[in-house]
Amino acid sequence: MIKITEIAFTGYPVTNMPRARAFYEGTLGLKPSSTFGEDWVEYDVGPATIAITSMSKEWKPSSDGPSAAFEVEDFDQAIATLKEAGTRFVLEPMDSPVCRLAVVCDPDGNALAIHKRKAGAHAGAH
């Protein structure tokens, strides 16, 4: 069984980062807490983090809702369990400087991220 320990971040895909940042920072008044390149910006909101990104053309904005990232205790075990269950992977497991991440679909096609922070990475780092 997979043990989910928290929601790591909630991500929103965007098509135009300057326009999106103008809204999130200008209109909503959020302050960037982390940026990774030109295509990923994070905003810490209390103990949670909201991320906006244009890093993947496959991840399209949708009025149907955001994608939650589930922080797992054991990333390799979680991935093995999901593969054994025949879960469809949208993004195969990958490493970033601060985390390991994969994106899977639920039975209805909703994307869910499986996430594990690397040692020393703070809660808002991805």
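**View 1. Arg-117, a buried residue in strand β8.** Arg-117 has a relative accessibility of 14%, so this residue counts as buried (buried means under 20% relative accessible area, exposed over 50%, and partly exposed in between, with a 1.4 Å probe and protein chains only). Arg-117 belongs to strand β8, residues 111-117; strands (E, at least two residues) and helices (H or I, at least four) are DSSP runs, numbered from the N terminus. Follow the side chain of Arg-117 and you will meet the side chain of Glu-6, with a polar contact of 3.1 Å. A polar contact is a pair of N or O atoms within 3.5 Å; within protein, one must be able to donate a hydrogen and the other to accept it, and residues adjacent in sequence count only if both atoms are side-chain atoms. Please keep in mind that this is a predicted model, in which local features need pLDDT of at least 70 and side-chain atom pairs count only at pLDDT 80 or more, while totals for chains, interfaces and linings use all residues. Residues are numbered from 1 along each chain as its sequence is written, and side-chain values use heavy atoms, with hydrogens and water left out.

**View 2. The open sheet of eight strands.** Walking across the sheet, you pass the strands in the order β2-β3-β4-β1-β5-β8-β7-β6, and the pairing is mixed. β2 (34-35) and β6 stand at the edges with a single partner strand each, so one side of each has no neighbour in the sheet. Two strands pair if DSSP finds at least two bridges between them. β1 and β5 (residues 67-72) are antiparallel partners over six bridges, and Ile-4 has Val-72 in β5 as its bridge partner.

**View 3. The hairpin from β6 to β7.** Three residues form the link in this hairpin. Strand β6 (residues 89-95) runs antiparallel to strand β7 (residues 99-105), and four bridges pair them. Look for Met-94, which stands opposite Leu-101 in β7.

**View 4. Helix α1 and its buried face.** Which residues of α1 are buried? In this helix, residues 17-27, they are Met-17, Ala-20 and Tyr-24. Seen down the axis of α1, the buried residues fall within an arc of 70°, so they line one face of the helix; the arc is that of the directions from the helix axis to the C-beta atoms. These buried residues pack against β1 (4-13), β3 (40-45) and β4 (48-53), where contact means heavy atoms within 4.5 Å. On the other side of α1, Pro-18, Arg-19, Gly-26 and Thr-27 are exposed.

**View 5. Arg-88, an exposed loop residue.** Arg-88 sits in the loop between α2 (75-84) and β6. With a relative accessibility of 52%, Arg-88 counts as exposed. Leaving aside residues up to four places away in sequence, Arg-88 touches Val-103, Val-104 and Cys-105. Arg-88 and Ala-111 are 23 residues apart along the chain, and 9.7 Å separates their C-alpha atoms.
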